[in-house]
Amino acid sequence: MQQKKKFSVLLIFLLFVIAGAMFAYRYLSDRVAPDTGDSLLGQVTAADTETPDTVKSGIEAADTADADAAETFSAMDFTVYDADGNQVSLSDFYGKPILVNFWATWCPPCKAELPDFDRVYADYGEDVVFMMVNMTDGSRDTVESAQAFVSDNGYSFPVYFDRDLDAAYTYGASSIPMTVLIGADANIVGAQIGILTEDQLRTILDAELAKAGNT
């Protein structure tokens, strides 16, 4: 039974890693400058509400994975804003694992997974940087409305506001929720478009922290 559990944990992390490599190849290796005349956030859609049994994109990638999946991809920097309007860059947190989650208040699957993220943040927040990036388009979500939503729900995780669309463009966040895990070495570990459960988050973070020797 114990061996089966260990295998399941390893499988979830492996699929997440494979998905991250495919994500990085697809979204990051050939990124071009966005057309600033067209708002990306106007095209953002919510991902499927169904929670995957394992990391969905990882399952798809596993069928076609080859040696290229082991290639590492450096995280691409972006700048967002904190609740006080100060600029915060992804690179400010290099040296620790970073969990970046793209979300919005109008996105039902985003709202469904936020309580899980908050519980995981309470346990992992000292060892892992959480960047909960709100897709702040100024209409569907404003800084004020997003802050009110977080306060009303009693969430304690740190929220950042993508007012300039920098994070969304950099990581191609056209479907949300989207989560990207970046290692302490500033390389992309894995990514998921769609809901991640509390158990999946804990599995992924435990594996990453064990790899870094923090457990």
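Predicted model: local features only at pLDDT ≥ 70, side-chain atom pairs only at ≥ 80, totals over all residues.

Q: OK, and what is the phi of leucine 165?
A: Leucine 165 has a positive phi of about 65° although it is not a glycine. Most residues other than glycine have a negative phi, and most peptide bonds are trans.

Q: Where does leucine 165 sit?
A: Leucine 165 is in the loop between strand S6 (159-161) and helix H5 (166-170); helices (H or I, at least four residues) and strands (E, at least two) are DSSP runs, numbered from the N terminus.

Q: And what about alanine 186, what is its phi?
A: Alanine 186 has a phi near 70°, a positive value in a residue other than glycine. This alanine 186 lies in the loop between S8 and strand S9 (188-193), and alanine 186 is buried, with a relative accessible area of 14%.

Q: Is the peptide bond from isoleucine 176 to proline 177 cis or trans?
A: The bond from isoleucine 176 to proline 177 is cis, with omega near 5°, and proline 177 belongs to the loop between strand S7 (175-176) and strand S8 (178-182).

Q: Switching to the whole chain, how many helices and strands are there?
A: The protein chain has six helices and nine strands, and buried residues make up 49% of its 215 residues. Of the contacts (heavy atoms within 4.5 Å) with a separation of 6 or more, 78% come from residues 24 or more positions apart.

Q: Now packing: how do the axes of H3 and H6 cross?
A: The axes of helix H3 (residues 108-124) and helix H6 (residues 198-211) come within 9 Å and cross at roughly 30°. That makes H3 roughly parallel to H6, since angles under 35 degrees count as roughly parallel, over 145 as roughly antiparallel, 65 to 115 as roughly perpendicular and the rest as oblique.

Q: Which residues make that contact?
A: On H3 they are Asp116, Phe117, Arg119, Val120, Asp123 and Tyr124, and on H6 they are Glu198, Leu201, Arg202, Leu205, Asp206 and Leu209. By class, the contact of H3 with H6 has six nonpolar, no polar and six charged residues.

Q: Is aspartate 206 buried or partly exposed?
A: Aspartate 206 is partly exposed, with a relative accessible area of 37%. Aspartate 206 and tyrosine 124 are 82 residues apart in sequence and 9.2 Å apart in space, C-alpha to C-alpha.

Q: Last topic, how many aromatic pairs are there?
A: The count comes to seven aromatic pairs, where rings of Phe, Tyr and Trp (its six-membered ring) pair if their centres lie within 6.5 Å, and planes under 30 degrees apart count as stacked, over 60 as edge-to-face and the rest as tilted. Tryptophan 103 and phenylalanine 149 form a tilted pair, 5.9 Å centre to centre with 35° between the planes. Tryptophan 103 lies in strand S4 (residues 98-103) and phenylalanine 149 in helix H4 (residues 143-152), so the pair ties together parts that are 46 residues apart in sequence.

Q: Which residues do ring pairs link into a cluster?
A: Ring pairs link Trp103, Phe149, Tyr155 and Phe157 into a cluster, and both tryptophan 103 and phenylalanine 149 are buried.

Technical notes:
Residues numbered from 1 in each chain as written. Heavy atoms only, no water. Axes fitted to C-alpha atoms, helices over the stretch in contact; angles between N-to-C directions. Nonpolar A, V, L, I, M, F, W, Y, C, P; charged D, E, K, R; others polar. Buried < 20%, exposed > 50% of the residue type's maximum accessible area, 1.4 Å probe, protein only.
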